Amino acid sequence: MRIVIAGGHGQIALRLERLLAARGNEVAGIIRKAEQGDDLRAAGAEPVLCDLESASVEEVAAHLQGADAAVFAAGAGPGSTVARKDTVDRDAAVLFADAAERAGVRRYVIVSSMGADAAHEGDDIFDAYLRAKGAADDDVRRRSGLDWTVLRPGSLTNDAGKGVVRLEASTGRGSVPRDDVAAVLAELVDTPATAGLTLELVSGSAPVSVAVKSVAGN
């Protein structure tokens with residue numbers, strides 16, 4: 001498979017790139033800064049320079065041509081402004097989905113957040129983040145031209161992954177290592193029977209492959 005990942009230099013994306021490349025996939029990661037390219041190459045991914053905050057749908061679609069799946073793992077990141085929550089976490093996700101449809105890439109996995117809700121109230125930066133992610137999720141889930149899956153992890157940690165998770169429509173609050181988020185994403189990309197599902201993810205007791213198979217087709 002050829003898989004294109006938006007936010008290719010992110011902490012989850014780099015982990016995902018390593019996993020997908022190790023499985024023999026052709027992986028490309030979209031990055032904003034050329035100096036990030038070496039990290040992607042070290043992970044086994046092809047760096048693709050493209051700023052999703054300023055690119056056109058046609059430009060992004062050109063990078064998605066020939067891909068079998070698209071993964072949106074971009075984010076404005078901690079310390080960013082409310083405005084960038086909208087331009088990256090919301091608008092870039094919508095742009096990437098538009099481009100996937102334009103390029104004929106049906107499989108689309110988006111990394112969201114537990115608690116994402118376009119109607120979420122509050123004035124803090126994290127409140128704005130949850131609104132932006134919720135709006136992006138809503139947009140993607142309305143699309144009949146994509147076989148989408150929305151993944152909503154709990155609180156992210158840099159602990160070593162344990163390879164055991166809880167993956168359900170509703171898990172309740174919890175945390176999950178980024179390693180395990182990447183492992184679940186790798187399985188989801190390769191499991192089209194999870195299309196149409198919005199899934200929450202926290203640490204649990206089910207091996208990643210078992211957890212994904214158990215929700216597939218539901």
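Axes, in what follows, are lines fitted to C-alpha atoms, for helices over the stretch in contact, and angles run from 0 to 180 degrees between N-to-C directions. Helices are DSSP runs of H or I with at least four residues, numbered from the N terminus.

This is a predicted model, in which local features need pLDDT of at least 70 and side-chain atom pairs count only at pLDDT 80 or more, while totals for chains, interfaces and linings use all residues. Residues are numbered from 1 along each chain as its sequence is written, and side-chain values use heavy atoms, with hydrogens and water left out.

I begin with helix 3 (residues 57-64) and helix 4 (residues 82-103), whose axes come within 8 Å and cross at roughly 60°.

Helix 1 (residues 11-22) packs against helix 6 at about 50°, the axes lying 8 Å apart. This pair is therefore oblique as well.

I turn now to the cores. A nonpolar core is a set of buried Ala, Val, Leu, Ile, Met, Phe, Trp, Tyr and Cys residues joined through side-chain atoms within 4.5 Å, where buried means under 20% relative accessible area with a 1.4 Å probe, protein chains only. The largest has 36 residues, and Ile5, Leu151, Leu167 and Val184 have the most contacts inside it. Helix 6 (residues 178-189) gives the most to this core, eight residues. A second, separate core has 34 residues, among them Leu52, Ala67, Phe96 and Ala103.

Definitions and conventions
Buried means under 20% relative accessible area, exposed over 50%, partly exposed in between (1.4 Å probe, protein chains only). Helices (H or I, at least four residues) and strands (E, at least two) are DSSP runs, numbered from the N terminus. Angles under 35 degrees count as roughly parallel, over 145 as roughly antiparallel, 65 to 115 as roughly perpendicular and the rest as oblique.
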